[in-house]
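The sequence and the structure come first.

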Amino acid sequence: MVDSQYYLPNDIGISALDCRVAFRLLSPKEQMYAHYLSRASWYGGLIVLIQTSPESANIYVLLQKIFRLQAPQQLEAAATAAGLSAEEYQAFLVYAAGLYANMGNYKSFGDTKFIPNLPKEKFKALVWESLAFKQSPGDMETLWGCCCEPLYSLEDKQKQLGLGEKGISAYFSGNCCLEDAEFAQKFLDSKNLSAYNTRLFKTEIDGKRCYEVRLASAEKDNCAVEGKSEVCCGKHEFEDSVFSVKRGDYAFLMEKVCQNLEKAKDYAANENQKRMLEEYIRSFTCGSVEAHKEGSRYWIKDKGPIVESYIGFIESYRDPFGSRGEFEGELKYLWVNMMMLIAFNNPVTLVDTQLRPLCLSLSLSLSLSDDDIRQTEGFKNVSLGNVLAVAYATQKDKLTFLEENDKDLYIKWKGPSFEVQVGLHELLGHGSGKLFVQDDKGKYNFDQTAVRNPETGELISSWYKGSETWDSKFSTIASSYEECRAECVGLYLCLNKQVLSIFGHEGEDAEEVVYVNWLNMVRAGLLGLEFYTPESKSWRQAHMQARFVILRVLLEAGEGLVGLRECTGADGRPDAVITLDRSKIYTVGKSAIQRFLCKLQVHKSTADVEGGRALYEGYSAVTADGTHNFLRLRETVLLRKEARKMFVQANTYIKGDAVELVEYEGSAAGLIQSFVERFPDDAEEVEAQLREMTCMDSSCWC
């Protein structure tokens, strides 16, 4: 029997994201701008298939070929003819929807592989019975041959994303390990190159290690070109190895992104938007991270646009080393909750003006990843209002690990408390905390004769030097550590009555928001155990690791603040209950978070990797020792886990001089149809290019 965590259940929640009202309120010019940004985002999104796993793109193409000729309703007859039961056909549709929603065959939240919940021979029989196979049997058989084994494989290394023996990663060739990633980072630092838009491939020639660093770019020319001097393409001897830096990774898709950004420029609302797009185009054309940073500067200056967007290689959660960004394209338009807009912008009065943020609650979270820009010029954050509204809807009978008298309270105040936590987390969590830096010219951004470590009282003795960054220094723990720091900021500041008032909560209501916010955090820490892999002793999701760490900190605080006990549920199966003493939040809880947050910040600010890693990995440890058997609790969490929801997104098309919005039902069939209709003009070319890119590198993971 295969563990259920590797299947998507037939009854998984699938919801359509509502943006109809917001879209209709846009002007014709704004709709055109949104349309072309959307097209750029969807083409770029296909890059994630290639970043996720060696087989993801081939599986995607196989499914697209099937569904382009037969919609899910039409394919059902073929499924019946192939001998599939109704449940098996639904499992096929759910798998396909999951592949599209996650842009690969590994969960985008948790990095666990998922396989079809129907026998392999039934999947194959359906492929053979499909119209796509009947029209092109040779081509479809070849496609099936390329992906049928990894489609179902659950070998230990293939169960999750990871580096070396810990898992699969398409950011690195299969023969790379942690030492290779660290060595490559040293090389990149020496050339002042960011890893954010790269992949790393390793070979050995005449006993010498050779590394190919691929830059994502539409251009394939590796020569020095005017305006591209910061990208040092070519061969470089480094210590005992050779590095080749090359442009052209995902070239076809990067070109499609640039073409649509170029069209969007014609509908930009102002000069900042236009300059932003110009820099993004330059970045995606020649592979320059510096150009993307320049574009981000204009993005920050574009205050309160009706159509908000961000695009590029952004979050590094899924790189096992923590330095390479997954491609993201996000488009949001028109806030519909003005009170939320006011609330999210008012907290900036509590922040130093140099770090002044702007945050909007919009229909349709992203934080700027460049700390140098964040600290010197500011930043923006975006809360995805309609995603949160759907994702965090809770049914009482599915609410686990809480006492009965907490459940109604939790359901009532989960939304308001989460809004407070998100606002504080994004604005004042990620938006605060100085990094002490000595630049390439020897200049310090702090007074080294006066700044003292608040933990020791001594002058600080370490800092970031030259091209070192937070991600490059803290690497594998950087993402989760930073999320933990931001979560702690949210927990601490939500205790401030002025802050709660800004968000519209006062008196008894404010106290309920505080209680549920803290209760939600400790419950999330327990739920986080789902994302821990005992075999490799590794975490697969940055946010959930962070919340587990906070749970450990609050349990350690003692004095009855947090209670966690194992029990037997009403169904006779193992269960657990977590409790929070609200009378001790402002005393025991506040003090514990304050002390821990100070330690987190000191290690981060001073580039103290050794101290930060020891602290964070200590609290991240999942063991059977001590007061709580977390390994056994993990089994209970897995037993009672609920599958994460999937979302169906609309498409836009140009008809005459107008843009039309097409929405789909919230079901597996609706999600599939939205992808089938996503590339109406060049689907076959896109699929051919995806296959070519996958085939070119197939030997790198053999």
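Leaving aside neighbours within four places in sequence, which residues is Phe67 in contact with? The model is predicted, and in it Phe67 is in contact with Pro72, Leu75, Phe92, Leu93, Ala96, Tyr100, Ile672 and Val676.

**Cores and overall make-up**

Phe67 belongs to the largest nonpolar core, which holds 95 residues. Together with Tyr60, Phe92, Phe123 and Leu690, Phe67 touches the most other members of that core. The element that gives the most to this core is helix α6 (residues 86–102), with nine residues. Another core, of 70 residues, lies apart from it and includes Ala478, Leu519, Ala557 and Ala576.

The chain has 702 residues, and buried residues make up 59% of them. Its secondary structure comes to 26 helices and 19 strands. The accessible surface is about 28,400 Å², with 49% of that area belonging to carbon and sulfur atoms.

**The annotated residues**

In the unreviewed UniProt entry, the annotation "binding site" covers His425, His430 and Glu483. These residues span 59 residues in sequence, but no two of their C-alpha atoms are more than 8.3 Å apart, so they gather at one spot.

Glu483 is placed in helix α18 (residues 470–493). Not counting residues up to four places away in sequence, Glu483 touches Tyr317, His425, His430, His543 and Ala546. With the side chain of His425, the side chain of Glu483 makes a polar contact at 3.0 Å. His430 is found in the loop between α17 (404–429) and β11 (437–438).

**A residue in strand β16**

Asp575 lies in strand β16 (residues 574–580). Is Asp575 buried or exposed? Asp575 counts as buried because its relative accessibility is 17%, and the cut-off for buried is under 20%.

Beyond its neighbours within four places in sequence, Asp575 is in contact with Phe401, Arg565, Glu566, Cys567, Thr568, Gly569, Thr636 and Arg640. Glu635 is 60 residues away from Asp575 along the chain, and their C-alpha atoms are separated by 9.7 Å.

| Residue | Relative accessible area | Class |
|---|---|---|
| His430 | 5% | buried |
| Glu483 | 5% | buried |
| Asp575 | 17% | buried |

Note on methods: Residues numbered from 1 in each chain as written. Predicted model: local features only at pLDDT ≥ 70, side-chain atom pairs only at ≥ 80, totals over all residues. Heavy atoms only, no water. Core = buried A, V, L, I, M, F, W, Y, C linked by side-chain atoms within 4.5 Å. Buried < 20%, exposed > 50% of the residue type's maximum accessible area, 1.4 Å probe, protein only. Helix = DSSP H or I, 4+ residues; strand = E, 2+ residues; numbered from the N terminus. Contact = heavy atoms within 4.5 Å. Areas by Shrake-Rupley, 256 points an atom, 1.4 Å probe, with all protein chains shown as cover. UniProt positions renumbered as here; feature names shortened; annotations may be inferred. Polar contact = N/O pair within 3.5 Å; in protein donor to acceptor, adjacent residues only side chain to side chain.
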